[in-house]
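Dear colleague,

Please find below the structure that I am handing over to you. My findings follow it.

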Amino acid sequence: MSLVAGSYERFIWGFSLIPQNETLTLTPLFSYPSHLSLIKCLAVSASVVASGGADDTIHLYDLATAASLGSLHQHSATVTALAFYAPPSLPFPRNLLSADAEGSLSLFDADGFVHLKTLPRVHRRAVNDLALHPSGKLALSVGRDECLAMVNLVRGRRSFCCRLGKEASIVRYDSAGDRFFMAMEEKVTVHEAEDARLLLELDCQRKVLCATPAKNGLLYTGGEDRNITAWDINSGKVAYSIEGAHNARVKGIVVLTDSDAVAGGDDPYLVASASSDGVIRVWDVRMASTEKLNPVAECKTQSRLTCLAGSSLKLKRRQSGTTNSKGKDQTMED
């Protein structure tokens, strides 16, 4: 399994989660100054990674070889959100969807990353986040214009838009696509996907900066309270919370084994988190409801992390360091 993190210092970091002597270790795979300015967002599917930055560019990488796959330059503003669509029958993604600070969305064919279509002005202001439906036919986006938009990706047009009355920073579908979640400051709302009907409101202590659903009916949130909270989205109650998970704001959460459908056997149930002070931690949450947890693995990147993504792909450690955009080995950056 692997993790990828982006930072204000324009570095992208890659790690492999490797069992060693009955413990887990976050082993560095690469670190690379991939953008000209801060990295805003990440997406991972199988071995493919995409990063979006304030330099209006999307960079692509192959996790298996720690090599650059090139860059995309369709956007003329900061790339604010990315999402892959990967059919369950394929071992690689089929499409990449991106959004920017001008309110536009772009769709790419992941085979060669050919630009298929740009949908301008889906929002009147910057897109804060987007979510792809598991079918790959629809996407939701939320923006600074305080709107929720639905995009028909088959027809390539916005099909629905409504005012929320408050700016949402996060939108996510659950794994089945039956419900979706939106985060607005310290509140998370749960909606029926078919008609956007409000089902639940989750009241968090502080502003929510990241949220990730799991297949077992839980939604993980993190943010300014420095905790990781697991919500039961059927009852709206807290299933458990990792208090003081970090010493700074939690900027990213990844449910590794569960969200990537590889749970089983002796694999522990793992949740990874990243904070703005550069620390990445991995948690085995099987006993989280009954005892105080300590991380099973930790790494300090010494950078201000902005985002985190993960994959179930099992990778071997590269002995020679990273590779640069021309495919040549590059020494690891500390």
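**Annotated repeats and overall fold**

In UniProt, an unreviewed entry lists residues 32-71, 218-241 and 270-293 under "repeat: WD". Please note that the model is predicted.

Two of these spans were examined individually. Residues 32-71 are 62% strand and 0% helix, with 14 Å between the end C-alpha atoms. Residues 218-241 are 67% strand and 0% helix, and here the end C-alpha atoms lie 12 Å apart. For the protein as a whole, the secondary structure amounts to 30 strands and 0 helices.

The protein has 334 residues, of which 57% count as buried. Its accessible surface is about 14,900 Å², and carbon and sulfur atoms contribute 46% of that area. Of the contacts between residues at least 6 apart in sequence, 44% join residues at least 24 apart.

**Aromatic pairs**

There are 3 aromatic pairs in the structure. One of them joins Phe11 and Trp13: the ring centres are 6.0 Å apart and the planes meet at 35°, so this pair is classed as tilted. Phe11 has a relative accessible area of 17% and is therefore buried, the cut-off being under 20%. Trp13, at 8% relative accessibility, is buried as well.

Another pair, Tyr173 with Phe180, is edge-to-face, with 6.4 Å from centre to centre and 70° between the planes. Tyr173 and Phe180 are both buried.

With kind regards

Terms used:
Residues numbered from 1 in each chain as written. Predicted model: local features only at pLDDT ≥ 70, side-chain atom pairs only at ≥ 80, totals over all residues. Heavy atoms only, no water. UniProt positions renumbered as here; feature names shortened; annotations may be inferred. Helix = DSSP H or I, 4+ residues; strand = E, 2+ residues; numbered from the N terminus. Phe/Tyr/Trp six-rings, centres within 6.5 Å; stacked < 30°, edge-to-face > 60°. Buried < 20%, exposed > 50% of the residue type's maximum accessible area, 1.4 Å probe, protein only. Contact = heavy atoms within 4.5 Å. Areas by Shrake-Rupley, 256 points an atom, 1.4 Å probe, with all protein chains shown as cover.
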